[in-house]
Amino acid sequence: MYDDNNVFAKILRNEIPCNKVYEDDYSLFFHDINPQAKIHVLGIPKTKCVDFLDFISNSNTKNVSIFFNNVNIVVDKLNVRESGFRIISNSGINGGQEVFHFHIHILAGEKIGAFK
Ligand code: AMP
């Protein structure tokens, strides 16, 4: 169940600040407060969705499409189209999710190490 008090919900309500990269009516992309790479940006849809499956199952197709297409815009804003990047979405306990508003991590700016 979605918790309106999660930190990303507060960012969307402008109750706490973020370092914004891109925003439109459907989504917000901002720098992670604790970066795990030289560039570490988070992308969140503005709809209330707990995780990846909740987002793709319960959002309309237009919303899902625009969210993922916005990665194109953000990749150019970050100037990493040529150098590359990694997208991650942690989901649930075993996935290591800490904030229960669906988000993607975009890691870039250096060679991102292997993971198990
Ligand atoms: P996850 O473990 O996938 O749920 O990732 C949550 C991410 O949110 C972590 O990388 C945190 O560093 C990041 N985070 C938590 N609070 C904030 C905040 N106020 N602004 C930006 N990023 C945050």
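Helix H1 supplies the largest share of the shell around the ligand, three residues, where helices (H or I, at least four residues) and strands (E, at least two) are DSSP runs numbered from the N terminus. The model is predicted, with local features requiring pLDDT of at least 70 and side-chain atom pairs counted only at pLDDT 80 or more, whereas totals for chains, interfaces and linings use all residues. Residues are numbered from 1 along each chain as its sequence is written, and side-chain values use heavy atoms, with hydrogens and water left out.

In total, 16 residues surround the ligand, and the closest are Asp32, Asn90, Glu98, His103 and His105; a residue is near a molecule if one of its heavy atoms lies within 4 Å of it. By class, this shell holds seven nonpolar, seven polar and two charged residues, with Ala, Val, Leu, Ile, Met, Phe, Trp, Tyr, Cys and Pro counted as nonpolar, Asp, Glu, Lys and Arg as charged, and the others, Gly among them, as polar.

| Residue | Protein atom | Distance to a ligand oxygen atom |
|---|---|---|
| Asn90 | polar side-chain atom | 2.8 Å |
| Glu98 | backbone N or O atom | 2.6 Å |
| His105 | polar side-chain atom | 2.8 Å |

The protein covers 85% of the 510 Å² of accessible area that the ligand has on its own, as computed by the Shrake-Rupley method with a 1.4 Å probe.

The ligand takes up the space of the largest pocket, in the sense that more than half of its atoms lie within 2 Å of the grid points of the pocket. A pocket is here an open set of points on a 1 Å grid over the protein atoms alone, with a 1.4 Å probe fitting and protein on both sides within 12 Å along at least five of seven lines, and lining residues have an atom within 4 Å of a point. The volume of the largest pocket is about 520 Å³, and of its 24 lining residues the closest to the centre are Phe8, Asp32, Ile33, Leu42 and Val99. That lining divides into twelve nonpolar, ten polar and two charged residues.

Technical notes:
A polar contact is a pair of N or O atoms within 3.5 Å; within protein, one must be able to donate a hydrogen and the other to accept it, and residues adjacent in sequence count only if both atoms are side-chain atoms. Grid points are joined across faces, edges and corners, and a volume is the space filled by probe spheres set on the points.
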